[in-house]
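Hi there,

Here is the structure I promised to pass on. Have a look at it first, and then read my notes below.

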Amino acid sequence: MLKRKDVLGLYDMSAEEIDEILTVGMSMKKLLKQNIKKLPHLQGKSVTTLFYENSTRTRSSFELAAKYMGAHVVNITAASSSVQKGETLVDTGKTLDAMKNDVIVIRHPMGGAPRLLARTVKAHVVNAGDGMNEHPSQALLDMLTMRENLGELKGLKVAILGDISHSRVAKSNLFGLTKMGAEVTMYAPRTLLPTGIERMGAKVCSSREEAVDGANVVMGLRIQLERQHAGNFPSLGEYARFYGVNEQIMKYAKPGALVMHPGPVNRGVELTSGLIDGATSRIEEQVLSGIAVRMAILFLLTKEEV
């Protein structure tokens with residue numbers, strides 16, 4: 001049982017809580033691999049996904065996670081809600097609370113929106129990505145995939161390359177992995193590196209080779225063109241040439257190093273198709289880990305009430 005009402009980020013989550021989510025997530029994943037998709041854990045509970053941004057993987061995996069455990073699920077998008085009539089996030093939350101929702105899963109373009117909602121409602125709030133702040137469940141599913149394939153996270157070297165400045169995934173992974181004893185190296189164009197990322201625990205490298213050298217895991221991040229309002233690099237082709245991860249760069253990593261990406265992948269930009277579809281790629285496995293971790297989060301948040 002988590003010692004918190006909400007899951008808003010990994011910055012303020014303890015290593016013990018992360019470990020608990022991953023342990024339960026591994027159990028859930030074993031059930032999914034056995035094609036067991038009818039569990040009583042959330043029987044009688046209601047889960048609402050409230051998405052102010054587009055999503056395929058995160059939203060559908062939260063929905064499936066809730067349904068696999070017997071919850072009633074309602075999906076709301078900003079485009080089809082009272083937001084279009086001028087309703088505020090706080091008022092939307094109060095409305096959902098009045099409907100006796102047990103869990104609200106929110107994605108919002110503004111950092112801090114889930115925390116504001118959590119202070120407003122009685123329901124448990126899960127952050128499914130807020131602006132350029134955090135995406136805790138994505139980092140947890142990444143860590144679950146690493147743990148399942150490599151054992152303990154302590155002592156691992158994880159290289160993260162790509163659009164780090166705009167990536168909530170990179171920040172949550174950095175917070176979570178360092179708390180679990182892993183080393184995180186990062187590499188990107190200086191225009192795509194947030195100021196002060198070193199103070200958060202990252203080792204910023206001067207080349208792809210340095211970042212990937214001896215890594216157990218190499219994670220590419222999507223170039224988030226929709227969040228960029230200025231030219232942070234000349235072209236996608238030049239980005240791929242000087243900053244993308246290819247087979248030559250992977251030779252610096254440990255033999256059999258995992259290739260990961262939160263998706264969707266821009267093929268040939270962040271990663272080559274050969275790596276995406278290669279034997280050490282765990283990108284598809286990350287999708288299944290996502291359902292398992294989100295099952296664990298929903299279960300642990302509501303466990304005391306069952």
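Predicted model: local features only at pLDDT ≥ 70, side-chain atom pairs only at ≥ 80, totals over all residues.

In which sense do strand β3 and β4 pair, and over how many bridges? Strand β3 (residues 103–108) pairs with β4 in the parallel sense, over five bridges.

Residues are numbered from 1 along each chain as its sequence is written, and side-chain values use heavy atoms, leaving out hydrogens and water.

Helices (H or I, at least four residues) and strands (E, at least two) are DSSP runs, numbered from the N terminus. Two strands pair if DSSP finds at least two bridges between them.

β3 and β4 belong to an open sheet of four strands, in the order β2-β1-β3-β4, with parallel pairing. Its edge strands, each pairing on one side only, are β2 (72–77) and β4 (124–130). Helix α11 (residues 283–302) lies across β3 and β4 and runs at about 150° to β4. Such angles run from 0 to 180 degrees between N-to-C directions, with axes fitted to C-alpha atoms, for helices over the stretch in contact (heavy atoms within 4.5 Å).

There is also an open sheet of five strands, ordered β7-β6-β5-β8-β9, again with parallel pairing. Two bridges join β6 (residues 183–187) to β7, and M186 stands opposite V204 in β7.

Enjoy exploring!
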